[in-house]
Amino acid sequence: MSEGLPLVRCSGAARTYGKGPTATVALQATYCEVFAGQRIGLVGPSGSGKSTLLHLMAGLDDPTVGDVSWPAIGTRDELRPGRVAVIFQGPSLLPPLTVLENTSLPLVIGGMTDKDAREVAHTALRTLDLDVLADKLPEEISGGQAQRVAVARALAGEPTLILADEPTGQLDRASGAAVVEVLLGASEHAGSALLISTHDMTVAERLPERWEMHSGEIQTDTREAQWSR
Amino acid sequence: MVALSWLRGLVTHRPTRPLATALGVAVGVALIASIGTFLSSTNSKMTHRAIARVSIDWQVEAQPGASPADLLSKVSTFPGVTRALAVQFAGSPSFTATTQGSTQTTGAARVLGLPAGYATAFPGELRLLSGSLSGVLVAQQTASNLHVVPGSTVTIARPGTTPTNVTVAGVVDLPYADSLFQHVGAPPGAQAQAPPDNVLLLPQSTFNQVEAPILAKRPELIKTQIHASLSHALANSPSAAFDDVVSRARNLESRLTGTGLVGDNLGTALDTARQDALYAQILFLFLGVPGAILAGLVTALIASAGADRRRRDSALLRTRGASTRTLVRIALAETVFAGVIGVLAGLGAALLIGKSSFGTASFGAGTVSAVLWALGAAIVGLLIAAGSIALPALRDARSLTVAGQRRQIGRTARGPLWARYGLDFIFLAIAGFIYWQASQNGYQLVLAPEGVAQVSVNWYALLAPVLGWIGAGLLVYRLADLVLSRGRIPLTGALRPLAGELAPTVASTMSRQRRLLSRAVALVALTAAFAGSTSVFNSTYRAQAEADARLSNGADVAVTESPGASVGVAQGIAQLKQIRGVGSVEPLQHRYAYIGADLQDLFGVRPGTITTAGKLQNGWFQGGSAADLMKIIAKDPSAILVSAETVKDYQLHRGDTLNLRLQNGQTKQLTTVPFHYEGVAKEFPTAPKDSFFVANQSYVAAKTGSDAVGSFLVQTDGTNPAVVAKRISSVVGSSAAVTDIVNQRVVVGSNLTAVELSGLTRIELGFALVLAAAATGLALGLGFQERRRTFAIASALGARSRQLGGFVWGESAFVTGGGLVLGAVMAGVLSITLVHVLTGVFDPPPDALSIPWGYLIGVGGAVIATVLLAGIITLRALRRPAIEELRDL
Ligand SMILES: Nc1ncnc2c1ncn2[C@@H]1O[C@H](COP(=O)(O)OP(=O)(O)OP(=O)(O)O)[C@@H](O)[C@H]1O
Ligand SMILES: [Mg+2]
């Protein structure tokens, strides 16, 4: 599995929110690596630190202790746009932009011309059967649809590392399964790594690897068990 | 209780919102209260100036048959009269004096008998030029006519008896000669054109001796006037003081039962002052009210930038079981909090401003009006707070649906109601119509028909600028909205330099927030227009006040030769040029010319130099610019400029010959001199307000055999004109009257100089600057703050600072650029309208607007600086992606 350099490596990365007596340890010192082609389900109860870990891996947040690095990619500045895509747990579409504009935005940011970006974005939306919504504003579509648009937006840039935070949280089982299929297909097609955090065991079961989190800690034994299988 | 704990939470965790609102409230309150202070100080200043401009408050003239002693006692015991003295007036066929072998004789003259203590009782009435005040005094012009000095003997001719001699003790100037020699009881139109030239003022006892034979034979030739001073404890408001003085004068007349008529000099002065006061109030309306409205709008905009968050808060409270009533109460608590803090801060600021600018801390002319002003300002402040916080909250509380939360952004298919009905166009059309209509009759705002006690304001005509202002603001909104909705392609093109490939995206973002942005553009335009028009009006007003004083004085210093003197051009210039502080000396001939039976003043000019030396303005002439007309006079020496009235009366056409009769300098005979009518002069330095001629000096000199100069217009080299005037005075002595522009400003006291605008405009300009900067910087900054989340997402998607800058600077440029450009256009139109509408304060109307570039560049700079600051702060905050923002919801 572990050929070449890891896409992301956490070396004792921990995250504490707040200071003093009210401080919350969201993530304990964590050591983990994700390599190209790995497909991982990150499961754990609410508040166990899944989102926190994802944000650290995405370079959107800094660990209070320890380090996060991206040996196969480079510095934090090189993660985006393009290499690392994040699908946020909450609504993350830009309210004043249409579905199509939202989807093409990271591509334009990455330097593509507006016209090309729209074409690529259209293809990505079609993969998720969202092309009919292309001209709608975020406020005009449902929460589930918005979440799928966020998935399409993440995939449009063909990233090497996809970090999806509860991408099926607001979806019914069938469309959730479809989204997971699309994510798996995309990662397989591009050989990219995929990390999906979820509560939903049926989602987790679709993924070859599973990391379980509890009170800010990845249960290493589950990871070992997986690997030995 | 919920409301209070919510408020406490708000103040401790998110104080920006109520404090920003309070700040807006404070600005509005301070502005209104300062205007109150301004009005109160102007009003009392105007009253005091009017009083100071009068030397003898009342001249009560004894009617035939009345006993002077009885009249004196009645007047001096009349309530409010502090001092009353009887002055006697007699006539004389002529005065004669012989000095150094030559004998001079005057025409008809006046002899006055002054009681002891007159000079101290009415200070300013007699200005001693040489000699001493105790004894026989001779008026300056008379002294000059007779070539007498203190110590000389003057012979007074007496009707029906032998002449008698008196010895001159002093030469005096009579600054108030006009009112001193008024025809008491006659209407203003029936007064003498000019006061008498030949006047002797005798002590009472001398007068009695001199006039004894006449008193015995023809007592009706001697008139008695009681000169009275009133207690000056008058109301601060000129109009109240006027009413008071006039009714007292009437009261006195009725008590005198026909034995005396009151010449109410004080009342006349206060009458002018109350018209000026009314103008001051209108100026306040024009310059102050838009400022207060803008303060309200800016506050509302600032508050509305927090509206999304407020809605989210309310929705949250709702889901936790808060009732509509609770929500309303919370909104009211916040309103009261922001309102009270704002009102207190605003009143405090107004006190400081009043103290430093006007030296008064009272908001009104009296205690009652002070309380009313403070109360009014406070109410406006609370209204601003209510309109900014309570009103939107109330609206939301009633319809707190998800749709309600989606207002700021969206497709908003239909424009606002006013736009659909074209209210902007309707307003502008009505404004245009009223403006046109009112222009037809010269835009008379303050109606003061002669002989009517009531002064009134033509409120209808005021509607034009008001509606124009509102209409223009709405039109700017419409235009901005149009560009954002229909002009996506050009907008994208314009944004490309700032946003690069992201330009279409930025354009879309802006287009979907066009309500917010159009509102910001309209507000920036309105504040820019406010700052622009106020400052242009102010500097035009100042320039015109200067021109007015210059017009009446002629130049920095005017040296007017006595009519008898015959000072030649070269001689006069040589004498004046060597005085320290004198820059240029321009001779101005003054003659009397008969046109038919009419006598008019004629001014002979040197056409080559008068345009600059007399600082001639184009507005003073018709038929060409000042320079054009002077060129004509230079080329054709017989060319003449006449008044419009003369053109009408004599049916003149350009080129017509005009024969005037002028006195020959040698023969003293009237000779006919032919001129050609070539243009109209409405105003001219030192010229009277009515009809006069302007002609070529050398032509007049050649035709009349005399180059005697009437007056010299002296411009200083930068030295204070008053100082130079003193120096000149000591050189020329009593042979010429020397006046300077500094004192002239006070003495003339026309509308212009009476309404002290500088205080108001200083406040205005300060507020305009603050408002313009706040409107743009704060509105943009707070808007960005509200959309932190949007920026955070873009940043999480990989947008670099430069790209986020595309969004921030794109919006900033649109709002600032659009607002400033449209605002400048509005300011231009508004300034022209204002100057036109307030034409009554301009006399004569200005040639062109004076544009205070320094201030305007300052305002533009302040606006751009705050915009840059807002943008930089926003981008700085985004440098690290705000993960908290993404965690929300
Ligand atoms: N900004 C914050 N300030 C303080 N505590 C925080 C903050 N964000 C998260 N936490 C705390 O950190 C812990 C981990 O949160 P995190 O969002 O990572 O959990 P999660 O596993 O993603 O939960 P869920 O499945 O509900 O999304 C929680 O206890 C949470 O309360
Ligand atoms: Mg989470």
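**Notebook: sheets and the A–B interface**

Entry 1. I looked up the sheet in chain A and found an open sheet of 3 strands in the order S2-S1-S4, with antiparallel pairing. The model I am reading is a predicted one. Strands S2 (24-34) and S4 (65-69) of chain A are the edge strands; each has a single partner strand, so one side of each lacks a neighbour in the sheet. From one strand to the next I note an average twist of 20°.

Entry 2. I then turned to the pairing of S1 with S4 in chain A. Strand S1 covers residues 8-17 of chain A and is joined to S4(A) by 4 bridges, the two running antiparallel. Which residue of S4(A) stands opposite Arg9(A)? I find Ser69(A) in that position.

Entry 3. The covered face carries Ala736(B), Val738(B) and Asp740(B), whereas Ala737(B) and Thr739(B) lie on the uncovered one.

Entry 4. I next looked up the extent of the interface between the chains. On the side of chain A, 35 residues are in contact with 28 residues of chain B. The area buried between the two chains is about 2900 Å², and carbon and sulfur atoms give 59% of that area. Which residues of chain A lose the most area to chain B? They are Pro96(A), Ile109(A) and Glu139(A), which together account for 21% of what that side buries.

Entry 5. How many salt bridges does the rule find between chain A and chain B? It finds 1. I located a salt bridge between the side chains of Glu101(A) and Arg512(B), with an N to O distance of 3.1 Å. The count of residue pairs in polar contact between chain A and chain B is 6, with both residues at pLDDT 80 or more. Helix H1 (50-57) and helix H2 (99-109) of chain A each supply at least two residues of the side of chain A that touches chain B. The largest share of that side comes from H2(A), with 5 residues.

Terms used. Residues numbered from 1 in each chain as written. Chains lettered and ligands numbered in written order. Predicted model: local features only at pLDDT ≥ 70, side-chain atom pairs only at ≥ 80, totals over all residues. Heavy atoms only, no water. Pairing = 2+ DSSP bridges. Axes fitted to C-alpha atoms, helices over the stretch in contact; angles between N-to-C directions. Buried < 20%, exposed > 50% of the residue type's maximum accessible area, 1.4 Å probe, protein only. Contact = heavy atoms within 4.5 Å. Buried area = accessible area lost by both parts, 1.4 Å probe. Salt bridge = Lys/Arg side-chain N within 4 Å of Asp/Glu carboxyl O. Polar contact = N/O pair within 3.5 Å; in protein donor to acceptor, adjacent residues only side chain to side chain.
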